[in-house]
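Subject: Structure handover

Hi there,

Here is the structure I promised to pass on to you.

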Amino acid sequence: MDSIKVRGGHPLKGEVIISGAKNSALKLMVATLLTDEKLTLTRMPDLADTRFLSGLLNHLGATVERDAASMTLHTARLASAEAPYDLVRKMRASFNVLGPLLARNGQARVSLPGGCAIGARPVDLHLKALEALGAKIELSDGYVEAKAEKGLIGAQIDFPFVSVGATEHAMLAAVLAKGDTVLENAAREPEIQDLADCLNAMGAKVSGAGSSTILIEGVDRLRGAEHAVVPDRIETGTYALAVATAGGEVLLRDAVWKHNTALWDRMSAAGAALKAEKDGVRVIASGDRLAATDMETRPYPGFPTDEQAQFMAAMCVADGRSVIRETIFENRFMHAPELMRMGAKIDLRGNEAIVTGVESLRGAPVMATDLRASVSLVIAGLVAAGETTIGRVYHLDRGFEHLEAKLAGCGADIERIKE
Ligand code: EPU
């Protein structure tokens, strides 16, 4: 298994080009199942997760062609309406093929995704949304068997709490339903807006995305389209926190300022300077230690859970005590014990981490159990004295395109060790 070695103590200078958002790209790829014409996605990140999903889509009948930063998907006809366990269990976003398969084929069989390291992550809201749209659903042997032989029918769906995945899944299913669908208490993430834009380019009628009420007027068919994936706000936030922690000044090219305002607010409070520029966002480290700042994760536009681990890494070397509260996932502090092995002082109390900043961290061999946790260890490694080796790099490869090259391009001492 590959690992990444970081030798800390080098401020970051220069620019990083922000890739397309992983969490948008995956749902946009699934939209190929809704049309027999070609869907071309540009600013498409090349990640382990996008490759893995290509495998599942191939199995379902799609051809997937990559050319530099664009991907063309074409599902002229479905080859199968079954998504087997092995192609779903490794990546939860795969479950979102269920709605489109049902919409296109009238029936589908898709493996349940199961739990994952950051929490139980059930799919009850996804299933309730599909049932509201008229699907008959049965669970058997770890599979969801769904039928809508006369097609899906528009409905009013009130989500009891905000779910990004369930909102997207309902959108992907309702675009081809008969009649109107209204989603209440919908997620408002930029990825939802991106999905709506892509579906609309394909001929769907989705309005209100980005607000908590989304209206979908069902259409009979969707056509091919070309769509650029929204820049990755989580990658943006990750590099912004890396600069604020390691020191220096970097332009995050193509980053969208308004997609990270909750982070900018916390980083400014901690003493980093952030500027919206024509080409992206400029991050200028304070030149001194950051000031400890409290933070709580929330659905968008609140502070993203996917930036919590990276923020914690920054607070480990801040001046003072910071209280970090995780409200989205029940088990998302697995980076904390690893950061402590590097000398961080963190007291975990349920969904709160109390971080007392130290003057310096020291490099160590560390291991992480999920994508965002792994990258928080890279950030810690950039500021730590000595060498940090991060194992299980496959987690990083799931969601960060050219991570070592992007950081090395800004002066970090980082390399991948192939095993
Ligand atoms: N939930 C339920 N039932 C459901 C759906 C969700 O109880 O049917 C719960 C979840 O267990 C969680 C909360 O609702 O406690 C919010 O989950 P949500 O559905 O919003 O998350 P998701 O769609 O599964 C996406 C991202 C995550 C990101 C979350 C929150 C993708 C592929 N994943 O997950 O990204 O953390 O939204 O913003 O889009 C990552 O990229 O590292 C990652 C984990």
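**What I found**

Let me begin with the charges: the mean positions of the 47 positive and 54 negative charges of the chain lie 1 Å apart. Here Lys and Arg count as positive and Asp and Glu as negative, while His and the chain ends are not counted; a charge is placed at NZ of Lys, CZ of Arg, CG of Asp or CD of Glu.

Some ground rules before the rest. This is a predicted model, in which local features need pLDDT of at least 70 and side-chain atom pairs count only at pLDDT 80 or more, while totals for chains, interfaces and linings use all residues. Residues are numbered from 1 along each chain as its sequence is written, and side-chain values use heavy atoms, with hydrogens and water left out.

**The chain as a whole**

You will find 14 helices and 24 strands in the chain; these are DSSP runs numbered from the N terminus, with helices being H or I of at least four residues and strands E of at least two. The radius of gyration of the chain is 21 Å, close to the 22 Å from the globule rule for 419 residues, so the chain is as compact as a globular protein of that length. That radius is taken over C-alpha atoms, and the rule is 2.2 Å times the number of residues to the power 0.38. Along its principal axes, the C-alpha trace spans about 65 × 45 × 40 Å.

Of the 419 residues, 56% are buried, where buried means under 20% relative accessible area, exposed over 50% and partly exposed in between (1.4 Å probe, protein chains only). Among contacts with a separation of 6 or more, 73% are between residues 24 or more positions apart; a contact means heavy atoms within 4.5 Å.

**Strands worth a look**

An open sheet of four strands has the order β22-β23-β1-β24, with mixed pairing. β22 (365-366) and β24 (413-417) are at its edges with a single partner strand each, so one side of each has no neighbour in the sheet. Strands count as paired if DSSP finds at least two bridges between them. β1 (residues 3-7) and β23 (residues 387-390) run antiparallel and are joined by four bridges; valine 6 has threonine 388 as its bridge partner in β23.

Elsewhere, β4 (residues 63-67) and β5 (residues 70-74) are antiparallel and share five bridges. They form a hairpin with two residues between them, and alanine 68 in the turn has a positive phi of about 50 degrees.

**A helix and a buried serine**

Helix α4 (residues 98-105) has Leu98, Gly99, Pro100, Leu101 and Leu102 as its buried residues. What do they pack against? Their partners include α1 (22-30), α2 (48-60) and β7. Strand β7 (residues 107-111) holds serine 111, which is buried at a relative accessible area of 0%. Beyond neighbours within four places in sequence, the contacts of serine 111 include Ala83, Tyr85 and Tyr143.

The peptide bond from tyrosine 300 to proline 301 is cis, with omega near 10 degrees; proline 301 is in the loop between β18 (295-296) and α10 (308-316). Aspartate 254, not a glycine, has a positive phi of about 80 degrees and is partly exposed at 33% relative accessibility.

Happy browsing, and do write back with any questions!
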